[in-house]
Amino acid sequence: MATSIKLDDELTVRVKNLANTMHRSAHWVMREAIRCYVEREEKREAYKQEALDAWEAYQQNGLHVTLEEADDWLAKLEAGQNVEAPKCHR
């Protein structure tokens, strides 16, 4: 599918310079930039949805771990210990 994108002169020059440096076409650089942007934003939206889902689950069941429990677990992981995540409780 062909799509046109209007770029200002400065950005056009920057894309062309980058393409020349990379020995790629300006078209390739723009496609790669758009692909990377879309992937990043998809991950961001998925992360946000996961947080909203977790918040909704917490509101329904009240299960949680405390900051201290999470902090202790993460410290052990950072120290190289292979420990399970703390159990959720009310």
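Here is a short tour, beginning with the whole chain and then moving from stop to stop.

Before you click, know that this is a predicted model, where local features need pLDDT of at least 70, side-chain atom pairs count only at pLDDT 80 or more, and totals for chains, interfaces and linings use all residues. Residues are numbered from 1 along each chain as its sequence is written, and side-chain values use heavy atoms, with hydrogens and water left out.

**Stop 1: the whole chain.** Switch to cartoon view and you'll find three helices and zero strands, in the order α-α-α from the N terminus. (Helices are DSSP runs of H or I with at least four residues, strands are runs of E with at least two, and both are numbered from the N terminus.) The radius of gyration is 23 Å, well over the 12 Å that the globule rule gives for 90 residues, so the chain is more spread out than a compact globule. That radius is taken over C-alpha atoms, and the rule is 2.2 Å times the number of residues to the power 0.38. Along the principal axes, the C-alpha atoms fill a box of roughly 60 × 35 × 25 Å.

**Stop 2: His23.** Select His23, in the loop between α1 (9-22) and α2. Its phi is near 60°, a positive value in a residue other than glycine. With 74% relative accessibility, His23 counts as exposed.

**Stop 3: helix α2.** Next, select residues 26-61: that's α2, with 36 residues. From first C-alpha to last, α2 reaches 52 Å, close to the 52 Å expected at 1.5 Å a residue; the expected span is 1.5 Å times one less than the number of residues. Pick out Ala57 in this helix; at 33% relative accessibility, Ala57 counts as partly exposed. Just after α2, look for Gly62, which takes a positive phi of about 70°.

**Stop 4: helix α3.** Select residues 67-78 for α3, whose twelve residues reach 16 Å from first C-alpha to last. Gly80 follows α3, with a positive phi near 95°.

**Last stop: a distance.** Draw a line between the C-alpha atoms of Ala57 and Trp73: they are 22 Å apart in space and 16 residues apart in sequence.

Terms used
Buried means under 20% relative accessible area, exposed over 50%, partly exposed in between (1.4 Å probe, protein chains only).
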